Amino acid sequence: MKHALLVFFLLTPLFAVWAQSVPPPTLYPNPEAALQVYRSTLLRLRQEHTNQAELPDLKFFLFGMGNRAKYIYRNGRLINALTGHIEEQWAVKSEIIVPSEYLVHLTLDTGATIQIREDETGVWLLQTLPASARNPDRLPKPKRLDHTKSPLQLPRFADNTFGLVLRVLHHEVLINVVTGSDGIGRPVPSVLVYQNPRYRDAALMAMVLRETGNLQLIHNWIMALRNPADPASDTIAEADNLGQVLFLVSLAANRTHPVVQVVLDSVARFRKDDYILGKTDGADHPVFQTKWLKYGLKSLGLPDPYTIPKQYDSYSSQFWFDYTNEHVARTNVDEQTSLDSPYRVWADDHFYHEKRGRLGTIDYPLSWERNASDAHYPGLTVLDKEFVKRKLAFPYARHAAEMFLLLRHNQ
């Protein structure tokens, strides 16, 4: 871990210098063909994962991955996602949204072309003039949108059959990293309806960021952690939060991080014999909670006196990345939960090597959550006021992360 952190800190400034020196992007040459290739990849995935969920096709796209300002494109408008301010608008004749290329291609009524495109160096507006007014020596220069000049690593996952889908899922994780007024990037569950991170979601997001070389986005947030209570509640920690905090710390620091001792002191509140027991999502899940604690302790190389209890726990299969042999037979996630919290079934699929997880019926986004008790759905007004009533948040980071990690590991 020490060597990994050293490499991370050495490479991050080098990558930032590279991002500053790379020339602006040029117009994407054939967006319609790129969209068809993406759709054919998505179709192949749906042929393997046949359970679907009907989702409304709003024809929108979010820009501003990582610690960048967030923008929404929809219906000829580019809107600040957090303030609702219209930054740009156009009279659009036709549009092509290519999720896998982080691209919106617009043909205007005038015949001009506009492309909104996100890459490793920022979010860009590129345009051409109508053919009748075009002068090759005086084409408009690419414009980088305000507050999007921060470096990212955006792999193409070319070695994976579903690489283009992974690109979109990676985007749906990155778009939910939000920078606060203090300049610190925080991993939130869904950018339009949640203001605070949740440790369960953040841990899965961090696994994706680790695989793609983007942990620097939440490094300062991890370093600032002082409380094992979930930031979404800020009251008392849920029992699984203890292990999640330790795991997150292991990605940026070591056992000397100030929150580590706070977590260890907090274990006594939940300890029962040689395992822990408390609330997670309002219910006791001692297997899941103890697995998380052991995983966090192991991640930091700390002593582990705990034993996973040999009993049924409906959340045990949510923990697919270690201790998989310590498990009592399951009951399947019910139909309503699979629609409202689809990440639950994707986690089960990763554990059981099955393909029951639901896919949406649209190109984008691929992840969602519905009917959550703690989501602030009025935040969806900037996208579509009808969604406040529907209580449908998308994209949703934990769902995207579970899908990404399954498809990345189990091709």
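Me: Which residues of H4 meet H6, and which residues of H6 do they meet?
Reply: From H4 the residues are Tyr199, Arg200, Ala202, Ala203, Ala206, Met207 and Arg210. On the H6 side they are Asn241, Gln244, Val245, Phe247 and Leu248. Contact means heavy atoms within 4.5 Å. Helices here are DSSP runs of H or I with at least four residues, strands are runs of E with at least two, and both are numbered from the N terminus.

Me: Before I go on, what sort of model is this, and how are residues numbered?
Reply: The model is predicted, so local features need pLDDT of at least 70 and side-chain atom pairs count only at pLDDT 80 or more, while totals for chains, interfaces and linings use all residues. Residues are numbered from 1 along each chain as its sequence is written, and side-chain values use heavy atoms, with hydrogens and water left out.

Me: Back to H4 and H6. What classes of residue make up that contact?
Reply: The contact of H4 with H6 has eight nonpolar, two polar and two charged residues. Ala, Val, Leu, Ile, Met, Phe, Trp, Tyr, Cys and Pro count as nonpolar, Asp, Glu, Lys and Arg as charged, and the others, Gly among them, as polar.

Me: At what angle do H4 and H6 cross?
Reply: Roughly 30°, and their axes come within 9 Å. Axes are lines fitted to C-alpha atoms, for helices over the stretch in contact, and angles run from 0 to 180 degrees between N-to-C directions. H4 and H6 are therefore roughly parallel to each other. The cut-offs are under 35 degrees for roughly parallel, over 145 for roughly antiparallel, 65 to 115 for roughly perpendicular, and oblique for the rest.

Me: Left-handed or right-handed?
Reply: H4 passes H6 in a left-handed crossing. Left-handed means that the near helix is turned anticlockwise from the far one by less than a right angle; clockwise would be right-handed.

Me: How does H4 pack on H12?
Reply: H4 (residues 199-212) and H12 (residues 397-409) pack at about 40°, with axes 9 Å apart. That angle makes H4 oblique to H12. The crossing of H4 and H12 is left-handed.

Me: Which residues meet there?
Reply: H4 brings Arg200, Asp201, Leu204, Met205, Met207, Val208, Glu211 and Thr212. H12 brings Ala397, Arg398, Ala401, Glu402, Phe404, Leu405, Arg408 and His409. By class, the contact of H4 with H12 has eight nonpolar, two polar and six charged residues.

Me: Change of topic. How many cavities of 30 Å³ or more are there?
Reply: Three. A cavity is a set of points, on a 1 Å grid over the protein atoms alone, where a 1.4 Å probe fits but cannot get out. The largest cavity has a volume of about 40 Å³, where grid points are joined across faces, edges and corners and volume is the space filled by probe spheres set on the points.

Me: What lines the largest cavity?
Reply: Arg200, Leu204, Gln244, Phe288, Trp292, Gln318, Phe321, Arg398 and Glu402. Lining residues have an atom within 4 Å of a point. H4, H8 (286-299) and H12 are the elements that give two or more residues to this lining. By class, the lining of the largest cavity has four nonpolar, two polar and three charged residues.

Me: And the largest pocket, how much space lies in it?
Reply: About 450 Å³. A pocket is an open set of points with protein on both sides within 12 Å along at least five of seven lines. Of the 24 residues that line the largest pocket, Arg198, Arg200, Asp281, Ser373 and Asp374 are the closest to its centre. The lining of the largest pocket has six nonpolar, six polar and twelve charged residues.

Me: What about the second largest pocket, which residue classes line it?
Reply: Its lining has nine nonpolar, four polar and one charged residue. The space in the second largest pocket is about 330 Å³.

Me: Last one, backbone. Where are the cis peptide bonds?
Reply: One runs from Tyr364 to Pro365, with omega near -10°. Another joins Phe394 and Pro395, with omega about -5°. Pro395 lies in the loop between E19 (392-393) and H12.
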